[in-house]
Amino acid sequence: MEAQLPGDGERQEELWPGEGLVLSPEALDLDVLNDTFSFFVRSLSIEVSRDWDARISDIDEMRGTGKVTALFLISKYPGIHPSVIAQVSSKDRAEIARLLTGMEKAGLIYRKAGRKDSRSWSLFITEKGESLLGEIRQRVRDSRRFLADISDDEYDQAMTLLRKIYWRLVMTPRPPGGQP
């Protein structure tokens with residue numbers, strides 16, 4: 001069939017493959033992306049980030065990625081070094097330095113010169129940071145609701161696999177585009 005031309009009412013219009021497509025996992029072929037881990041991780045990251053940003057939209061000090069992780073680590077491990085937070089957060093040292101500077105200016109953490117090496121920094125949480133952490137902890141727990149339509153068993157299975165992949169990557173960093 002030919003596409004209908006403007007002003008030509010006698011020809012029947014041919015649909016293009018994407019016209020009228022109803023979005024569903026069964027109807028949409030993602031080509032090679034259907035079996036590509038990074039596609040799904042990146043797409044999920046966008047959705048999860050949107051949800052998290054909405055959950056903490058009223059807490060200016062915690063906007064941006066990495067602050068929650070840093071705050072939990074600094075609280076749990078007083079004196080922790082920025083390099084450990086960088087590795088756990090998969091961020092470079094410059095990104096972590098900027099993040100920590102912002103957190104320090106917000107009064108959430110403070111730095112001291114390292115006891116073993118005065119060129120390094122040891123990080124500590126402030127009273128304000130510890131107080132905020134209680135609120136953040138509850139919001140993290142509440143974030144399970146984002147996937148409320150996933151059974152607890154499926155959620156636990158996904159978390160087990162994600163933890164395994166995460167720690168494997170953190171402990172054996174890979175160069176961009178390369179093998180370990």
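K67 counts as buried, because its relative accessibility is 18% and the cut-off for buried is under 20%. This residue is found in helix 2, which covers residues 67–76. The model is a predicted one. The structure holds eight salt bridges, and three of the residues involved, D58, E135 and R139, are linked in a network.

**Position of K67**

- K67 and F37 are 30 residues apart in sequence.
- In space, the C-alpha atoms of K67 and F37 are 26 Å apart.

- R139 lies in helix 5 (residues 127–142), while D58 lies in the loop between helix 1 and helix 2.
- The side chains of R139 and D58 meet in a salt bridge, with an N to O distance of 2.6 Å. The pair therefore ties together parts that are 81 residues apart in sequence.
- R139 also forms a salt bridge with E135, and the closest N and O atoms of this pair are 2.6 Å apart.
- E135 and R139 both lie in helix 5, where four residues, or about one turn of the helix, separate them.
- R139 has 15% relative accessibility, so it counts as buried.
- E135 counts as partly exposed because its relative accessibility is 35%.
- D58 is at 53% relative accessibility and so counts as exposed, the cut-off for exposed being over 50%.

**A further salt bridge**

- The side chains of D152 and R144 also meet in a salt bridge, at 2.9 Å from N to O.
- D152 counts as exposed, because its relative accessibility is 55%.

**Packing of helix 3 and helix 4**

- Helix 3 spans residues 82–89 and helix 4 spans residues 93–105.
- The two helices pack at an angle of about 110 degrees, and their axes are 9 Å apart. Helix 3 is therefore roughly perpendicular to helix 4, since angles of 65 to 115 degrees fall in that class.
- The crossing of helix 3 and helix 4 is right-handed.
- S90 is placed in the loop between helix 3 and helix 4.

- V48 is at 43% relative accessibility, so it counts as partly exposed.

**Residues with positive phi**

- S90 is not a glycine, although its phi is positive, at about 55 degrees.
- S90 counts as exposed because its relative accessibility is 62%.
- D31 likewise has a positive phi, near 60 degrees, and is a residue other than glycine.
- D31 lies in the segment before helix 1.
- With a relative accessible area of 57%, D31 is exposed.

Conventions: Residues numbered from 1 in each chain as written. Predicted model: local features only at pLDDT ≥ 70, side-chain atom pairs only at ≥ 80, totals over all residues. Heavy atoms only, no water. Buried < 20%, exposed > 50% of the residue type's maximum accessible area, 1.4 Å probe, protein only. Axes fitted to C-alpha atoms, helices over the stretch in contact; angles between N-to-C directions. Parallel < 35°, antiparallel > 145°, perpendicular 65-115°, else oblique. Left-handed = near helix turned anticlockwise from the far one by under 90°. Salt bridge = Lys/Arg side-chain N within 4 Å of Asp/Glu carboxyl O.
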